[in-house]
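The points pass from the single chain to the pair of copies and then to the charged side chains.

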There are 2 protein chains.
Amino acid sequence: MLQAFEGALGRQLTGEVKECNPEILNNVIAVEQAMVKAAQEANATVINSTFHHFSPYGVSGVVVIQESHLAVHTWPEYGFATIDFFTCGEHVYPQRALNYLAKAFEGKHIDISDTLRGDTNALQEQALSDSFPYT
Amino acid sequence: MLQAFEGALGRQLTGEVKECNPEILNNVIAVEQAMVKAAQEANATVINSTFHHFSPYGVSGVVVIQESHLAVHTWPEYGFATIDFFTCGEHVYPQRALNYLAKAFEGKHIDISDTLRGDTNALQEQALSDSFPYT
């Protein structure tokens with residue numbers, strides 16, 4: 001896979017969106033549409049997506065993107081959603097996706113954490129040959 | 001959705017597995033099989049999974065489970081993989097999945113972080129009626 005940044009292989013943004021519209025958070029179609037659009041807003045290439053509704057309330061789902069994944073879990077009864085955007089590659093802007101989703105869910109607050117994954121200074125790169133297994 | 005623990009709606013374990021077998025990390029079938037088995041080892045209910053291979057090296061994929069999601073990204077050229085297990089519900093044991101995957105990838109080290117998501121003390125629960133939209 002690509003490197004996210006100089007010195008790291010991946011980057012992970014996690015968001016907690018509060019005081020959202022519960023009806024939107026419970027609507028599996030609305031949540032999936034917002035997530036796919038958010039990935040596109042971040043300049044990510046969508047491969048596919050899979051979402052499901054929980055009983056009695058809530059939606060859970062993942063958009064698989066070429067550059068990694070974007071996941072959501074919602075608790076309408078708390079007006080709350082978690083978002084995870086894991087990305088590699090320099091041409092994806094995960095912050096845009098989180099901002100887009102906070103608006104789409106009509107959330108009043110979003111707390112974002114930003115973590116780099118895979119410190120390349122601590123990892124040893126091996127030169128893999130062209131004949132390396134590709135399965 | 002369910003609560004993961006008293007006081008939190010979700011729990012997220014992230015793992016960084018080092019010095020893995022590069023051939024396993026580059027084998028999309030082997031990685032997907034290990035991930036599905038890992039979810040089952042954790043007592044999670046698998047809904048579906050989607051994996052793809054990167055050019056020239058690496059695998060990326062997600063297992064969607066009833067209780068949330070399990071994602072992996074691999075860099076065979078560094079012998080390195082990241083694992084994310086987001087779960088809610090009390091009957092899932094994500095640590096078992098991470099341990100299973102470290103062995104399946106023949107990794108020599110795994111660093112694990114454990115984070116609770118959605119502090120219920122800071123969130124306000126609303127009583128949603130039976131007629132609340134289920135879409």
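1. Helices and strands in this note are DSSP runs, numbered from the N terminus: a helix is a run of H or I of at least four residues, and a strand is a run of E of at least two. On that basis chain A contains three helices and six strands. Their order along the sequence is β-α-α-β-β-β-β-α-β. The model is a predicted one, and the remarks that follow should be read accordingly.

2. As to overall dimensions, the C-alpha trace of chain A extends over about 50 × 30 × 25 Å along its principal axes. Chain A has 135 residues, of which 57% count as buried. Among its contacts between residues at least 6 apart in sequence, 61% are between residues at least 24 apart.

3. Helix α3 of chain A spans residues 94-104, and its buried residues are P94(A), A97(A), L98(A), L101(A) and A102(A). Why do they lie on the same side of α3(A)? The arc that they cover around the axis is only 135 degrees, which puts them on one and the same side of the helix. In general, an α-helix has 3.6 residues a turn, so residues three or four places apart point the same way. The elements against which the buried residues of α3(A) pack are β1 (8-18), α2 (28-41), β5 (80-87) and β6 (109-119) of chain A. After α3(A) comes E106(A), with a positive phi near 55 degrees.

4. The angle between the two helices is about 150 degrees, and their axes are 8 Å apart. The crossing of α2(A) past α3(A) is right-handed. On the side of α2(A) the contact involves A34(A), M35(A), K37(A), A38(A) and E41(A), and on the side of α3(A) it involves R96(A), A97(A), Y100(A), L101(A) and A104(A). Of these, A97(A) and L101(A) are also among the buried residues of α3(A).

5. Strand β6 of chain A includes D111(A), which is partly exposed at a relative accessible area of 41%. Which residues does D111(A) contact, leaving aside its neighbours within four places in sequence? They are T14(A), G15(A), E16(A) and K18(A). For D111(A) and G15(A), a separation of 96 residues in sequence corresponds to a C-alpha to C-alpha distance of 5.5 Å.

6. The relation between the chains is as follows. The same surface serves both copies, since 100% of the contact residues of chain B recur in chain A.

7. Over all chains, the structure holds 11 salt bridges. One of them pairs E16(A) with R117(B), with the closest N and O atoms 3.0 Å apart. This pair crosses between chains, from strand β1 of chain A to strand β6 (residues 109-119) of chain B. Are its two members buried or exposed? Both E16(A) and R117(B) are buried. A network of salt bridges links E16(A), D84(A) and R117(B).

8. A further salt bridge is formed by R117(A) and E16(B), whose closest N and O atoms are 3.0 Å apart. Because R117(A) lies in strand β6 of chain A and E16(B) in strand β1 (residues 8-18) of chain B, this pair joins two chains. R117(A) and E16(B) are both buried.

9. Within chain B, a salt bridge connects the side chains of D114(B) and R11(B), at 2.6 Å from N to O. D114(B) belongs to strand β6 of chain B and R11(B) to strand β1 of chain B, so the pair ties together parts that are 103 residues apart in sequence. D114(B) has a relative accessibility of 46% and so counts as partly exposed. R11(B), by contrast, has a relative accessible area of 18% and is buried, the cut-off for buried being under 20%.

Note on methods:
Residues are numbered from 1 along each chain as its sequence is written. Chains are lettered from A and ligands numbered from 1 in the order in which they are written. This is a predicted model: local features need pLDDT of at least 70, side-chain atom pairs count only at pLDDT 80 or more; totals for chains, interfaces and linings use all residues. Side-chain values use heavy atoms; hydrogens and water are left out. Buried means under 20% relative accessible area, exposed over 50%, partly exposed in between (1.4 Å probe, protein chains only). The arc is that of the directions from the helix axis to the C-beta atoms. Contact means heavy atoms within 4.5 Å. A salt bridge is a side-chain nitrogen of Lys or Arg within 4 Å of a carboxyl oxygen of Asp or Glu. Axes are lines fitted to C-alpha atoms, for helices over the stretch in contact, and angles run from 0 to 180 degrees between N-to-C directions. A crossing is left-handed if the near helix is turned anticlockwise from the far one by less than a right angle, and right-handed if clockwise.
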